[in-house]
Every structure is written in structure tokens, then in C-alpha cells.
Amino acid sequence: MNKPSVHPSIAISIGVIAVSTAAVLVKLAETAPASIIANYRLLLAVFIMSPYVLLKHRRDLTAISRKDWLLAALAGIFLAFHFIFWFESLNYTSVASSVVLVTLQPIFAFLGTFLFFQERFSPGALLSMAIAVTGSVIISWGDFQVSGMALFGDFLALFGAIMVTGYLLLGQNTRKRLALMPYTFVVYGISAVTLIIYNLILRQPFTGYPANDWLVFIALAIIPTFFGHTLFNWAIKWVSTAVISMSIIFEPIGASVLAYLILDEQITWSQWLGGTIILFGLFLFIVSTSGRKSRLTLSRTSKR
């Protein structure tokens with residue numbers, strides 16, 4: 001394997017900072033509904049990817065089997081609803097609560113492998129899951145003391161984590177057979193179409209938003225998508241999946257700091273305590289499972 005021109009740790013650090021901006025950018029949208037924000041993020045990402053994919057990977061696209069198209073379509077639908085639930089949660093709860101609860105995705109992923117693939121857990125994995133769940137209960141209880149709507153936002157964030165787990169479970173085998181860019185292009189495209197249909201059903205307007213919202217749409221398509229997950233996808237050639245997974249644990253910290261600096265969001269004692277416990281539990285969980293051969297990658301590349 002050739003030596004990379006840039007050290008992977010630099011790319012991963014930039015990627016973590018980039019994905020940490022997603023929640024704050026959604027909060028900065030002034031009038032657009034969550035489903036419209038998600039729709040334009042994916043539409044613009046597909047638009048940006050189109051010239052490269054259609055020129056370099058046209059044969060790969062035409063060679064996709066009917067089974068893989070079906071799996072990619074289902075994955076795209078799950079990804080669309082991940083964005084709907086997660087972005088909507090930010091209308092009710094804080095960036096800190098929302099992002100740290102969505103970060104529970106690796107645990108939902110392994111629960112999915114247990115249900116569908118009979119994956120077995122070590123005692124360390126079970127203990128770390130219990131620790132992370134305890135942290136989520138602390139956050140939810142603290143938010144409930146603030147308002148019932150904040151707790152509702154927490155549940156939406158958890159549903160967002162479940163949806164992205166479905167996206168990864170469906171795509172795990174397909175991704176092995178397809179190159180990264182064609183697969184991502186197809187899934188993003190199907191997800192964008194799903195969101196168009198969803199917004200048409202709800203009669204959400206596609207136009208009439210202020211310039212600030214359009215800047216948010218563009219920033220979401222570029223910063224967390226390409227400067228975030230594209231760099232993770234590049235770095236995974238040089239480092240293990242566990243390294244990427246543990247690096248993404250720092251996303252809630254970055255998102256909370258940005259929310260404090262940009263949105264003046266204060267972090268409550270329950271968010272500090274519960275978030276710390278969740279991140280500690282996730283760290284133990286990834287460490288305890290990274291040495292085992294899993295059917296599902298822990299990396300949340302192509303997610304936020």
C-alpha cells in the first residue's frame with residue numbers, strides 16, 4: 001500500500017470538525033422545515049457528485065444488479081427518514097442532546113446484528129451498552145425537567161439513530177459489491193427522491209426561503225458531507241474502522257462547542273453528566289468490539 005500524501009490523522013481531524021457543523025447549520029436555517037433542509041442537502045450533494053460519477057463510474061452504474069438496486073433503494077429510504085427525525089429533533093431539543101443521542105447508533109447497529117444475524121456480545125460490550133443507556137436516561141430526564149417538548153426531541157433523535165442503523169444494515173453487503181462513489185450516488189439520489197415525495201405529501205413549499213436558508217442547504221451539502229464523510233472514506237484505506245468510529249465520538253463535543261459559540265446554547269448539568277457517560281460507554285463499547293469480526297461496520301461514514 002502506497003504511503004498517503006497527507007497523514008490520515010489530519011484528514012480525520014478535519015472530518016470530525018466538518019461533521020460537527022451539521023446540527024448547528026440545521027439550527028441556523030430560519031424558516032425551512034426539517035424535511036426541506038434534508039431534501040436540499042441530498043439534492044445538492046447529488047448534483048455536485050453527478051459530473052464525476054457519470055463520467056468515471058457510468059459502467060459501474062449500469063452493472064448494478066436488480067437485488068442491489070432494491071437494497072440501495074431501501075437504504076436510501078432509511079437514510080431519508082434518518083435526516084427527517086434527526087433534523088426535526090433539533091427544533092425541540094438542544095444540539096448537545098440531539099447529537100449525543102444520535103451518536104448511540106453503533107449500539108443500535110450491534111443490536112440489529114444480534115436480531116438479524118445472531119451476533120453475540122461479550123460481557124464488556126453488554127456493560128458498555130448499559131453505561132451508554134444510563135447516560136441517555138440522564139439526558140432525557142434532565143430535558144423532561146426543562147419541557148416535555150425537549151424530551152420529544154430526544155426521542156426523535158433516538159429514532160434518527162434507529163433509522164441510520166437500518167440504512168447501514170441494508171447497505172452493508174451492497175457496499176461490498178459496489179464502488180463507494182456509485183453506491184453513495186445511488187443511495188443519496190433515492191433518498192432525495194423519497195424526501196421529494198414526502199414533502200409533496202405534506203405540501204411543503206420548495207421555494208420562497210430566504211438567502212440564509214439557501215446558504216445553509218449548500219453548506220450542509222459541502223461541509224459535513226464532502227469535507228466530513230468523504231475524508232473518513234479516504235482515511236479508512238489507511239486506518240482501521242475502529243479508529244474512525246472512536247474519532248467520531250468527538251463529534252458531540254465539537255457540535256456542543258459550536259452551538260455554545262454560535263447559538264449561545266448553554267449545556268445543562270444533565271447534558272454534561274449524561275453526555276459524558278454516553279461517550280464513555282461508547283468508547284468502551286467500540287474498544288470491546290473492535291477486535292471481533294462484525295457483519296456491520298461501526299463507521300458512520302455517509303451519515304451526517
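The expected span of a helix is taken as 1.5 Å times one less than its number of residues. In this predicted model, helix α10 (residues 180–202) comprises 23 residues and extends 33 Å from its first C-alpha to its last, close to the 33 Å expected at 1.5 Å a residue. Helix α10 is followed by Arg-203, which has a positive phi near 60 degrees.

Nine aromatic pairs are present in the structure. In one of them, the ring centres of Phe-81 and Tyr-198 lie 5.8 Å apart with the planes at 85 degrees, so the pair is edge-to-face. Because Phe-81 belongs to helix α5 (residues 66–89) and Tyr-198 to helix α10, this contact ties together parts that are 117 residues apart in sequence. Phe-81 is partly exposed, its relative accessible area being 27%, and Tyr-198 is likewise classed as partly exposed, at 25%. The rings of Trp-86 and Phe-87 have their centres 5.3 Å apart and their planes at 45 degrees, and the pair is therefore tilted. Trp-86 is buried, at 0% relative accessibility, and Phe-87 is also buried, with a relative accessible area of 0%.

Within helix α7 (residues 105–117) lies Phe-110, which is buried with a relative accessible area of 2%. The C-alpha atoms of Phe-110 and Thr-165 are 8.9 Å apart in space, while the two residues are 55 residues apart in sequence.

Conventions
Residues numbered from 1 in each chain as written. Predicted model: local features only at pLDDT ≥ 70, side-chain atom pairs only at ≥ 80, totals over all residues. Heavy atoms only, no water. Helix = DSSP H or I, 4+ residues; strand = E, 2+ residues; numbered from the N terminus. Buried < 20%, exposed > 50% of the residue type's maximum accessible area, 1.4 Å probe, protein only. Phe/Tyr/Trp six-rings, centres within 6.5 Å; stacked < 30°, edge-to-face > 60°.
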